[in-house]
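Hello,

Here is the structure you asked to see. My notes on its salt bridges follow below.

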Number of protein chains: 2
Amino acid sequence: MAKKKKANKTGNSHIAIGVDLGGTSLMAAVVAPDGTILGECKRKTKAELGAVAVTERIAQAITKALKQAGLAEEDVVGVGVGVPGPLDPETGIVSRCPNLGASWSGFPLAQTLEKLLQMPVTIDNDVRVGAVGEHTFGAGRNTQDMIAIFVGTGLGGGIILDGKLRRGFRHSAGEVGHMVLLADGPVCSCLERGHAEALASRTAIEREVLEMVSNGQDSVVTALMHEEGRSAMSAGILGRAMEANDPVVTQAVEHAQYYLGLLISACVNCLDPEAIVVGGGVLERFGDAYLEPVRQVAQQHYINQVDAERVRIVRAELGDHSGALGAAILAQRGLGGRSRTKTV
Amino acid sequence: MAKKKKANKTGNSHIAIGVDLGGTSLMAAVVAPDGTILGECKRKTKAELGAVAVTERIAQAITKALKQAGLAEEDVVGVGVGVPGPLDPETGIVSRCPNLGASWSGFPLAQTLEKLLQMPVTIDNDVRVGAVGEHTFGAGRNTQDMIAIFVGTGLGGGIILDGKLRRGFRHSAGEVGHMVLLADGPVCSCLERGHAEALASRTAIEREVLEMVSNGQDSVVTALMHEEGRSAMSAGILGRAMEANDPVVTQAVEHAQYYLGLLISACVNCLDPEAIVVGGGVLERFGDAYLEPVRQVAQQHYINQVDAERVRIVRAELGDHSGALGAAILAQRGLGGRSRTKTV
């Protein structure tokens with residue numbers, strides 16, 4: 001796990017800054033080569049201000065994090081940013097960010113931030129960046145091949161093979177949330193049916209709970225949502241309902257676990273990696289116990305049953321920091337940006 | 001497409017022998033570095049004789065193919081064998097071959113064949129070897145990343161990423177036939193439900209046709225099977241039924257095409273390759289027309305719709321020779337065997 005401490009001002013040559021840009025908040029972290037966080041700054045994204053203003057907020061957060069670390073801009077090799085949407089790491093241009101608004105479509109984030117900071121900037125997808133973080137400093141360290149799956153509002157992934165992040169021919173590798181598991185199943189956020197995201201995300205659990213409640217089944221979630229003043233079923237509310245042995249939520253969670261197991265089996269049968277690292281809001285709330293039934297379903301569907309338990313299915317370790325750490329690693333390695341492609 | 005011609009006896013330094021070992025027949029081919037087949041020998045496998053005798057038959061076929069090429073054993077760098085079952089390329093030991101019998105379980109094929117031939121022998125899975133053939137000399141040439149899917153009695157695959165064959169942590173990568181597409185769907189050969197092989201293979205088409213016939217629907221297949229004296233629904237029979245506009249076979253084939261499209265979309269969303277190369281008995285019989293509805297379903301499920309048509313979904317080009325050519329490439333490159341691993 002990454003620790004936070006003051007920089008010693010020596011051996012700074014590969015210190016880099018990682019930024020995790022989210023729809024609600026953004027975080028900038030100054031990261032040493034060993035994963036130590038030397039300084040960090042978290043602030044609201046304020047997406048309503050638009051792409052240019054948010055980029056300025058990123059630059060301000062970076063400046064604050066550097067100050068906390070006792071470092072100047074010339075002490076770091078560059079900045080990596082994890083962005084919640086498709087983008088082109090080679091040009092540094094964001095394709096679109098549904099959670100951040102229309103001003104991000106075609107926005108040259110790397111170039112804009114470079115002008116503000118006078119530092120090289122590398123961008124990549126937030127989920128892939130999280131996978132790089134977990135691979136380097138988290139649950140996937142010491143593996144050559146791993147697949148990270150983040151389960152939250154959506155379901156995203158990042159694939160590391162032979163120690164390298166797989167970006168793909170069109171920069172869209174790792175979209176495991178859109179692998180079909182139940183043809184003609186429930187509608188996904190992408191409007192097609194039966195994808196993993198529509199079956200195993202927090203949103204999928206929420207949809208199933210709402211269906212059961214609207215069919216007249218009793219659940220404590222309605223009261224809990226009212227109590228917490230929320231219109232969406234957060235992982236926290238689902239967790240409280242599970243702890244209260246709510247039968248509706250329990251059933252919906254079991255279904256999501258089943259489909260997550262099937263998704264993992266599909267990934268393992270396809271790529272045969274060393275480890276599957278599972279993170280995201282749902283795992284943060286439910287903990288390792290969430291994975292036990294997932295492992296059983298997954299292993300049952302492996303075509304190669306030999307050494308099935310050697311393929312580790314483990315919980316992510318870096319929590320909120322996986323994105324910022326992974327983004328800093330991209331910057332440290334000077335890859336993924338507009339100079340070189342495909343490898344990290 | 002590989003051509004067949006006599007060796008010119010010069011520049012033989014990377015000539016290799018590729019063997020495609022099947023349940024019914026085996027083929028040995030002497031292959032020049034440019035893919036030219038200099039000599040070949042095809043003969044019955046006679047699996048009932050057991051692993052040792054079949055290995056002797058492989059050695060005899062190799063000797064005949066060399067004679068046809070006008071070459072001696074010292075003119076070739078080694079032998080590659082594609083084997084229909086799981087195995088360990090590092091030890092050269094076959095794990096099992098359901099189509100060849102129990103004597104293959106744990107059989108040291110590479111070592112046994114090396115003793116008979118006094119040449120280095122490399123072994124790998126037949127489907128992965130076919131993928132290497134298509135990548136080097138077939139429909140996937142000039143790509144860095146491609147996935148080969150072979151649709152026949154079963155449904156197998158081979159994955160090439162960054163120009164290298166992906167073998168996987170437990171040597172079982174590429175088993176795309178066992179990716180779940182319809183949770184709780186029909187039972188697969190592996191006894192789990194809803195895998196691609198249970199939905200998109202020739203066997204899946206056969207199962208659905210039989211179900212419809214036993215439910216009282218009329219189909220010409222019954223008469224065709226009787227006419228050809230067959231107990232199984234070969235791709236040839238299915239093709240004749242399609243040409244006769246048989247509604248039962250047409251429906252079953254359309255379902256198989258739909259699920260093949262879903263499988264391809266899952267692979268593309270996961271790995272974002274440049275090309276998907278589809279081969280095997282069903283494609284050999286039905287031709288390129290088989291792929292048109294497959295492409296439509298696949299593209300509809302891509303999460304990245306940008307440049308969707310740049311991901312080529314094409315028919316394999318090497319037909320029966322993909323395995324022998326791919327196996328020869330393994331031997332030419334001197335990889336995949338017990339000296340080095342993972343890369344081709």
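B:Glu228 and B:Arg240 meet through their side chains in a salt bridge, 2.9 Å from N to O (a salt bridge being a side-chain nitrogen of Lys or Arg within 4 Å of a carboxyl oxygen of Asp or Glu). B:Glu228 sits in helix 6 (residues 221-228) of chain B and B:Arg240 in helix 7 (residues 235-243) of chain B, so the pair ties together parts twelve residues apart in sequence. Helices (H or I, at least four residues) and strands (E, at least two) are DSSP runs, numbered from the N terminus. B:Glu228 is partly exposed at 33% relative accessible area, and B:Arg240 is partly exposed at 31%. Buried means under 20% relative accessible area, exposed over 50%, partly exposed in between (1.4 Å probe, protein chains only).

The model is predicted: local features need pLDDT of at least 70, side-chain atom pairs count only at pLDDT 80 or more, and totals for chains, interfaces and linings use all residues. Residues are numbered from 1 along each chain as its sequence is written, chains are lettered from A and ligands numbered from 1 in the order written, and side-chain values use heavy atoms, without hydrogens and water.

In chain A, a network of salt bridges links A:Glu227, A:Glu228, A:Arg230 and A:Arg240. A:Asp288 also pairs with A:Arg295, with 3.5 Å between the closest N and O atoms. A:Asp288 is partly exposed at 39%; A:Arg295 is buried at 16%.

Over all chains, the count is 32 salt bridges. One of them is B:Asp162 with A:Lys164, at 3.5 Å, N to O. B:Asp162 lies in the loop between strand 9 (155-161) and strand 10 (164-165) of chain B, and A:Lys164 in strand 10 (residues 164-165) of chain A, so this pair joins two chains.

Best wishes
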